[in-house]
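User: Hi! Could you walk me through this model with a few questions and answers?

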Amino acid sequence: MQTVFSAVLPDVPAAAAIWLILLALAAVAVAALVVRPGRLRLAAAGRFRDAALPDDPERAEQDREHTRYAEEVAVAAERAGTTASRLRAEWLATQDEVESAWTALEAAEAHLRRLAAAAVMPLPHTGQTPAEYADRERWLHRAAEEAHRRGELSDEQLADALAHRAGWDPRRHPVEQELVLRRATRDHLAARHRAAVAREQAAWRAADLAGAAARSLRDEAFAARERRPERAESVLPMPEAPRSAADTTRENPVVARGRAAVPAY
């Protein structure tokens, strides 16, 4: 017996310590279940609910349709943004055309005013010979062609000058012909400026509409990415979270005990 006790007694403290540790862990687990039983039940019920969701082919098809729609809207938004950028660049280019046309018109009007002031002076007398008329005609044709190359005369005005119609008369003095040429230049540049302004306004409207469309499509693409089809209801209902004692206390007013039952505040 002494041999048996000598062999067993040294292991008793270690075994007792192991049993105490196991008992402590069990006590902690039981206390957790008693204090917060709802959390474990909710986690387990959530896993069961996910497992119990039905395999819905219609939902899968809805997911694919939603993904396809979101991708199509994103592509459309990108294309609309590219179009808006291009139209904005065209609008800025038309603004440069308006500025250039206005500068040329101002220069033509300034030249016309100086020439009109000089034409008030008496013109020098020249002999009215066939050679003089031929010189005046050559000068008129050359001046009109040069102005046309510079963009100061239209094709129709050049044709009128070469055909001697619409006020173009080679028999006039070169100073008078220069005055007619500058007036025609002023009129042509004014018409070109008006056309540039009209193009600029049309380009601005197109760029504004394209920008609004691009913004709308970007918003729709963002909303489509954020939206998701609603999940199907589970065949297993989710348990309600247990209410704490504090919630129960707030819902049930405490009544003072005594002869008269009155609410205690």
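This is a predicted model: local features need pLDDT of at least 70, side-chain atom pairs count only at pLDDT 80 or more; totals for chains, interfaces and linings use all residues.

User: Which pattern does the protein follow along the sequence?

Analyst: Helices (H or I, at least four residues) and strands (E, at least two) are taken as DSSP runs, numbered from the N terminus. On that basis the protein has eight helices and zero strands. Read along the sequence, the pattern is α-α-α-α-α-α-α-α.

User: What percentage of the residues in the protein is buried?

Analyst: Buried means under 20% relative accessible area, exposed over 50%, and partly exposed in between (1.4 Å probe, protein chains only). The protein exposes about 19,400 Å², with carbon and sulfur atoms supplying 59% of it (Shrake-Rupley method, 1.4 Å probe; for residues, only the protein chains shown count as cover). Of the 265 residues, the buried ones make up 23%.

User: How are H5 and H6 oriented to each other?

Analyst: Axes here are lines fitted to C-alpha atoms, for helices over the stretch in contact, and angles run from 0 to 180 degrees between N-to-C directions. The axes of H5 (residues 130-149) and H6 (residues 155-163) come within 9 Å and cross at roughly 175 degrees. Angles under 35 degrees count as roughly parallel, over 145 as roughly antiparallel, 65 to 115 as roughly perpendicular and the rest as oblique. H5 and H6 are therefore roughly antiparallel.

User: Which residues in H6 does H5 meet?

Analyst: Contact means heavy atoms within 4.5 Å. From H5, the residues involved are Leu-140, His-141, Ala-144, Glu-145 and His-148. The residues of this H5 and H6 contact divide into five nonpolar, two polar and two charged (Ala, Val, Leu, Ile, Met, Phe, Trp, Tyr, Cys and Pro count as nonpolar, Asp, Glu, Lys and Arg as charged, and the others, Gly among them, as polar). On the H6 side, the partners are Asp-155, Leu-158, Ala-161 and Leu-162.

User: Is Ala-166 buried or exposed?

Analyst: Ala-166 lies in the loop between H6 and H7, and its phi is near 60 degrees, a positive value in a residue other than glycine. Most residues other than glycine have a negative phi. At 62% relative accessibility, Ala-166 counts as exposed.

User: What separates the C-alpha atoms of Arg-192 and Gly-151?

Analyst: Arg-192 lies in helix H7 and, at 33% relative accessibility, counts as partly exposed. Not counting residues up to four places away in sequence, Arg-192 touches Ala-101, Ala-104 and Gly-151. Arg-192 and Gly-151 are 41 residues apart along the chain, and their C-alpha atoms are separated by 9.9 Å.

Key. Residues are numbered from 1 along each chain as its sequence is written. Side-chain values use heavy atoms; hydrogens and water are left out.
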